[in-house]
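Subject: Structure for you to look at

Hello,

Here is the structure I promised to pass on. Please open it and keep it in view while you read my notes below.

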Amino acid sequence: MKKIIEQIEKIREINKQHKLVIFVGAGVSRNSGVCSWWDLVKKIAIEIGYNDICEKCELKYLTTTEGDESNVSCMFNNRPCQHEFSFSSEEFLKIPQYYYEKKDKTEYLKLLHDVFCKSYDPNELDELIVALEPEHIITTNYDHLIEDVKNPNISNYTVIKSDDDLLEKGRHGRKYIIKMHGDIDNLDNIVLKEDDYLTYSLNHELLEIYIKSILIDKTILFIGYSLGDNNLKLIMSYINYFANTLKIKRPPHYLAVNKIDHEVRETNYWFNKGVELVDLSSVSDFMKQKTPCDLNRFGKPLFSFLSYIKDERLPYYMAGIIELKRSLLSNIGLIEPFNRISYSTLLSICAFSHGAELQNGTLNIIDSSDYDNLFTIFKQGDDESSKIKECFIKAGINSIYHKPKLAEPIIYNLTSEKEITDELFTMSMIWAYNDIIYRLQLTNDNTFEKVYYKSMIYKTKDNICLELLSNIEAKINKRDFKYLTLRDKYQIAILKFNLIAIRLLSFNSQKEELDNLRTLLDSAAAESEAFEFIKLLFNDNDKAINTLNNLLIKHEEYYMRKTTMTKYGGTIYGDLFKLQAIVYDYYYFYKKNYLMLDWFNNVSKMCEPYIKAILCTYYPDEYQFSNPALGRTQVKPYPLNLTDVNLIIRHVKYKDFISWLSYYKVFSLSLIDELNITEIFDNFCISIRSFWLTEYAEYINLFGKLLSLVELSKDERHQILLSFLKLVTPDYKISIKMLRNCLKALWLFADKHYNADESSYYQLLELLIDECLLTDPLDMRNDYINLIHILSSQADKKIYDKCCAIIDKCDSERKKAYYPYVFKDILLKHEPTKWTKWIIDNLEHNWAEEVFDYLEKKIIPYNEVVSKYFEEKLKARKETPGVILYPDNKSELVNSIVVLHILGIIPDLESMIYLTQYCEEYPYLDFLLNPELFDYSKINTADYMWCNFINSNKYRDTILKHKSDFWTKEDEKRIELGFGSSFENMVAYKYLFD
């Protein structure tokens, strides 16, 4: 058993180095029902009456009847003679030759056609051979089984059947399937009879030379041959030539056989010929169970043998501890170059019998024996177990956990014997950018870490990162690429990945470079599975995103339907940790291996389902489904940690975040207790100010929204306000434009956390009273106005005078109306009479929504001036037939007037008589001004305005008298199914349902 394991490991490594050639004999095709060489020669012998063996056999006389030789039955002990078709190697060639000479060529070819030209399907061995992707496949079989496999790897091979094919097709591919004895498509060219072997070197000169050349630097694995196979002996003559004549010292070739009768003798015999025998009878039943197949008893051990070569994760022993430790130790070298590995890569090495799940850094191992095996390895405390422990920590696993049946859970915390620090990563997570730059300046080493963190802070500014990467590339190019180590390949992959990333950020086409990187990753992944994760990052990772979205659907059902469904098992956070494991795996892998993905939307696509899943845990339904007999797994909101905060701020769009908050009805968020949000935000503000990029404006808004959703102590609110002031206060480097970029975040924070006793808000208000913020084109106009409104209580005479000075300099009628509107709360606080008159005098230059705001806040009364304003505004809205304007300002103006009436601000309809001309156009006006003639079927409760009317004490009774005209069973059904807005639902259930 030990020997075959060593052989499997050696052959696997040879294959990874692209030096393995598989020689396929008739024993493989026999699993598909193809005639074996012995069966064919036996058939020919019977047809030509060949019985030399029987004529020489002395045993036949023991079975005669009464001495009558004519009754010889060739029976021995009542069984057919075992020697009747025991052909010698010479006879295997002569019998087909005798047939060819006794019959003729036509009959000979017909025989071959009848035997081989049938419909055969590739078997599992054929598929596995191609799946192994050896450098070449050489076969003495005539059939098409290997060429017909469904594995896509087959497209990498060029089929060579003759010398001409080698000349014509050889340049089209690097890998070949060589049919050295011909193919059923050309029966004339088949090598079978004695003459074919004697003239082989003459008729197949190029093929023979090429096969011999392969033997110089490639290792041959023979499968499907017996020890006495004549085809095998032909190849052995080539091997003997190199072993004996050229005195080339090289690793042995391998011959896999089902049985070795005389082990010592045969092993020595073949070893002297440069061939190591693989005894397939030593493949254990356990190994066969791990590699099930539908082959015959001769094919099964070969299938297991090849399967173990292909898949290094397969265990050799039932004894879990020995096998697990061997597997882990044998793979440590393959993941050593990586600063971080995927936990899925590590789990594939462990091959736990019942799987395991990563939950918030804890590996939940389902099977008790798997847990015990791993726990025992960790507790051994030797150097080997320490190395294994480091691999688990490198995969983000901090502890292992198991919950036995009917017992308390057990947990083992992993501690590292050597300190594993990632100082710059920790700094980046808390936004300590200045500290990062300081650390980078302490060393002149040009490393991937240095380039990565510069790219994260500066993006592509001044081509700093491209220059640093070019310096690394120059050093790598000096290496001898014939002898690349796994670490070399890792560094080249990181280099090429980052060069492509930084050039793509500059919108440069990278098609050729992308293809080269794919080729490199494919090659490296064949050697170490850890490279597969870079391949996933390199693509859009659609498979992982689909998995995340499917988990999100289940998770949403768990939380959002928790009042109507029973759910057992799982966690108080639903399926959140399943999503978290995938996203954290992705996030930490690319950051800790210094892959420059921070500025690409690939990360955003991966993060989206996870962030949604977090918000889903806040869905406001406190009523748990309960069944006294069954119960239910309880759920609760998930508190954000540092990684979650980073994912939201760096990789979510503000408008998407707002949309998700609305969808999941999130009104507050919580943070883990140990998260110092004030320190993080202070670092954030210092870093944003120091290393400003346009993209950071989105970060500021997201952080502001996040702060508006969490509960903060008085001291925390004070510290965060001071950090905001650090960020926005202008100096000789930073202009007032920084404050403009922060208006939304400041408003979001102040709207939630404003405290009139906080004196620092005065400093903020003083900064806000600036004409640049009024005259610049503002996307956040409403945020600015709202911020002035909420801070106006801080205004003193100094602030008032500053506002007046700005208004006094107004050089347009619009500014004379707009500036006082913005500063209204401050102005009216100090001189209400003066500024009320100013507002009315300049009213015609205000926008409609500004006038509406004045009226709603009762700053001005509704009078003839206002009525005239609305009338003139409506006349000014000229319409073009057939043209729909967006936004529809006229409709908005009409709706505003109607709302003012419902609110009682416009008390009587007579002051709205100028609206009569618009009744046909607007049903609301028609109802108000002509209630007796109005067509009540026009009422649609899905329109919020009609709900306003129904909710009004003044108009409700009038409308309800005509309920049958507009309210139907279909409307009731729609509301019952939850398709109405919250306002419509309230109105419907309160006034419309019977």
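**A buried asparagine**

Asn498 has a relative accessible area of 1%, so this residue is buried. The cut-off for buried is under 20%. Please keep in mind that the model is predicted.

Where does Asn498 sit? It is found in helix α24. Which residues does Asn498 touch, leaving out those up to four places away in sequence? They are Phe448, Leu469, Tyr594, Leu595 and Met596.

**Two helices that pack together**

Leu469 leads us to the next point. Two packed helices are described by the angle between their axes and the distance between the axes. Here the pair is α23, residues 464-476, and α24, residues 486-505. Their axes come within 10 Å. They cross at roughly 150 degrees. Angles over 145 degrees count as roughly antiparallel, and α23 and α24 are therefore roughly antiparallel to each other. The crossing of these two helices is left-handed.

Which residues make the contact? From α23 come Cys465, Leu466, Leu469, Ile472, Glu473 and Ile476. From α24 come Gln491, Ile492, Leu495, Asn498, Leu499, Ile502 and Arg503. By type, the contact residues divide into nine nonpolar, two polar and two charged.

Strand β10 runs antiparallel to β11, which covers residues 362-365. How many bridges join β10 to β11? There are four. For a landmark, find Leu358: it stands opposite Leu363 in β11.

**The whole protein**

Finally, step back. The protein has 52 helices and 13 strands. It has 994 residues, and buried residues make up 52% of them; Asn498 is one of the buried residues. Now take the contacts between residues at least 6 apart in sequence. Of these, 70% join residues at least 24 apart.

Best wishes

Technical notes: Residues numbered from 1 in each chain as written. Predicted model: local features only at pLDDT ≥ 70, side-chain atom pairs only at ≥ 80, totals over all residues. Heavy atoms only, no water. Pairing = 2+ DSSP bridges. Axes fitted to C-alpha atoms, helices over the stretch in contact; angles between N-to-C directions. Parallel < 35°, antiparallel > 145°, perpendicular 65-115°, else oblique. Left-handed = near helix turned anticlockwise from the far one by under 90°. Contact = heavy atoms within 4.5 Å. Nonpolar A, V, L, I, M, F, W, Y, C, P; charged D, E, K, R; others polar. Buried < 20%, exposed > 50% of the residue type's maximum accessible area, 1.4 Å probe, protein only.
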